Amino acid sequence: MLTLSVIKENPEEVIRRLTIKHFDGKEAINRVLELDKIRRASQAELDGKLAELKVLAAQTGQLMKAGKKEEAEAVKMKTATIKESTKELEESMVSAEKEITDILLTVPNLPYAGVPEGRTAEDNIVEKTGGVIPELPADALPHWDLAKKYDLIDFELGVKITGAGFPVYKGKGARLQRALISFFLDAAREAGYLEIQPPYVVNAASGYGTGQLPDKEGQMYHCNEDDLYLIPTAEVPVTNLYRDVIFNESDLPIKNTAYSACFRREAGSYGKDVRGLNRLHQFDKVEIVQIQHPDHSYEALEEMKAHVQSLVERLELPWHILRLCGGDMSFTSAITFDFEVYSAAQKRWLEVSSVSNFESYQANRLKCRYRGADKKTHLCHTLNGSALALPRIMAALLENNQTPEGIKIPKVLVPYCGFDIID
């Protein structure tokens, strides 16, 4: 959530930057400023009346001591009238503050200065590329056919027991999934991240804290009776560990990693994007999260990008990094870099990670702060990244490594899998 101080400092610049995300913020920002004036005027008047009440209380005591009961009663009546007006002022302040919050919950984060303008994924900028795209024979199979050929994943069985988008992993397919999870978690731990095992359901306050609510409410699975939400990513519970926390400056950075299943309704998805593992309702992912000092969050962002790059390189996959344009960024992000790997049989790039800096946007919702050398509290910066999401990694590994003898396993995964080929 944007802070009032940022909005008041330069509202025109806030409105301009929001347009990079194709959000018309003029009405919302102007209304917030108007409500803030109302709130501050009510506060000033309330402070004056509270000061007056202190004076009147002292007068009442003096009059009572002097035996001037009638005069004391007159002052008491005046006090009662003022107290009634203070209630109205308090209600005005509460109402204004609530409306400000309600509006700001609908306003996205401001894009960082380095975010390119653009509306769709076609406008994203390729920043870096690595790896070698394999040359497959003309009869190479896409991963959904390979999964059936080697009995690795049963999509139909998933439909039977749950529905589309909930695959069942079997045999070496299940072992490869587990190997990837262990590899990603070990790599994160070696990079200084503390492993967390979070709940897979969260309350509404957690959804609001990281910005999934109210923006993505329709994309989340909701347990109506308990008012709980299945997590779309481990970012939600892990970042919310630090809701309403005030760190000492020396405590920062906080670095956590977590494996979780992720649940997304993916309403409106269709066509080739949903074939096989390309888009699922339930999938596995390892997440990395940092709570950072504002002075160091962009250094941390580069560190996180380098970490994800090392993972795709060690998996021997062709990859590139995209700097997302304003129109393709998330509601809460200040800047996002997507990692995509090349799926050789499908002949297309598949997103496997997003690495984002949210600056103080999530921290303001979470009230995640640190106490600085000035003894004052300041908002932290939050960052997260997929390191990595498994389904499309699995798709690319199966497709890119298929041979007449079987599917070869990258060297880095062999100790985790216990086999070097799927045949």
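**Strand burial and charge pairs**

Analyst: Strand β11 (residues 319-323) is mostly covered, as five of its five residues are buried. Here buried means under 20% relative accessible area, exposed means over 50%, and partly exposed lies in between (1.4 Å probe, protein chains only). Helices (H or I, at least four residues) and strands (E, at least two) are DSSP runs, numbered from the N terminus.

User: Before we go on, what kind of model is this, and what pLDDT do local features need?

Analyst: It is a predicted model, in which local features need pLDDT of at least 70 and side-chain atom pairs count only at pLDDT 80 or more, while totals for chains, interfaces and linings use all residues. Residues are numbered from 1 along each chain as its sequence is written, and side-chain values use heavy atoms, with hydrogens and water left out.

User: Back to β11: which residues point one way and which the other?

Analyst: Trp-319, Ile-321 and Arg-323 point one way, His-320 and Leu-322 point the other way, and all are buried. In a regular strand, side chains alternate between the two faces of the sheet.

User: Which strands pair with β11?

Analyst: Strand β1 (residues 125-130) pairs with β11 in the antiparallel sense over five bridges, and Ile-321 is the bridge partner of Lys-128. Strand β12 (residues 335-343) also pairs with β11 in the antiparallel sense over five bridges, with Glu-340 of β12 opposite His-320. Two strands pair if DSSP finds at least two bridges between them.

User: Changing topic, how many salt bridges are there?

Analyst: The structure holds 17 salt bridges. The criterion is a side-chain nitrogen of Lys or Arg within 4 Å of a carboxyl oxygen of Asp or Glu.

User: What does Lys-78 form a salt bridge with?

Analyst: Its partner is Glu-52, and the closest N and O atoms are 3.9 Å apart. Because Lys-78 lies in helix α4 and Glu-52 in helix α3 (residues 26-65), the pair ties together parts that are 26 residues apart in sequence. Lys-78 is partly exposed at 45% relative accessibility, and Glu-52 is partly exposed at 29%.

User: And Lys-255, is it buried or exposed?

Analyst: Lys-255 is buried, with a relative accessible area of 16%. Its side chain meets that of Glu-303 in a salt bridge (2.9 Å, N to O). Lys-255 lies in strand β9 (residues 254-263) and Glu-303 in helix α10 (residues 297-314), so the pair ties together parts that are 48 residues apart in sequence. Glu-303 is partly exposed at 35%.

User: Where are Glu-302 and Lys-305?

Analyst: Both are in helix α10; they are three residues apart and therefore separated by about one helical turn. Glu-302 is partly exposed at 43% relative accessibility, whereas Lys-305 is buried at 8%.

User: Which residues are linked in a network of salt bridges?

Analyst: Lys-8, Asp-36, Arg-39 and Arg-40 are linked in that way.

User: Last topic: which residues form the negative surface patch?

Analyst: Glu-84, Glu-88, Glu-90 and Glu-91 form it. Patches are made of residues with over 30% relative accessible area and no salt bridge, with like charges joined within 9 Å and nonpolar side chains (Val, Leu, Ile, Met, Phe, Trp, Tyr) within 5 Å. Glu-90 lies in helix α4 (residues 69-104) and counts as partly exposed at 40% relative accessibility.

Conventions: Accessible areas come from the Shrake-Rupley method with a 1.4 Å probe; for residues, only the protein chains shown count as cover. Lys and Arg count as positive and Asp and Glu as negative; His and the chain ends are not counted. The place of a charge is taken as NZ of Lys, CZ of Arg, CG of Asp or CD of Glu.
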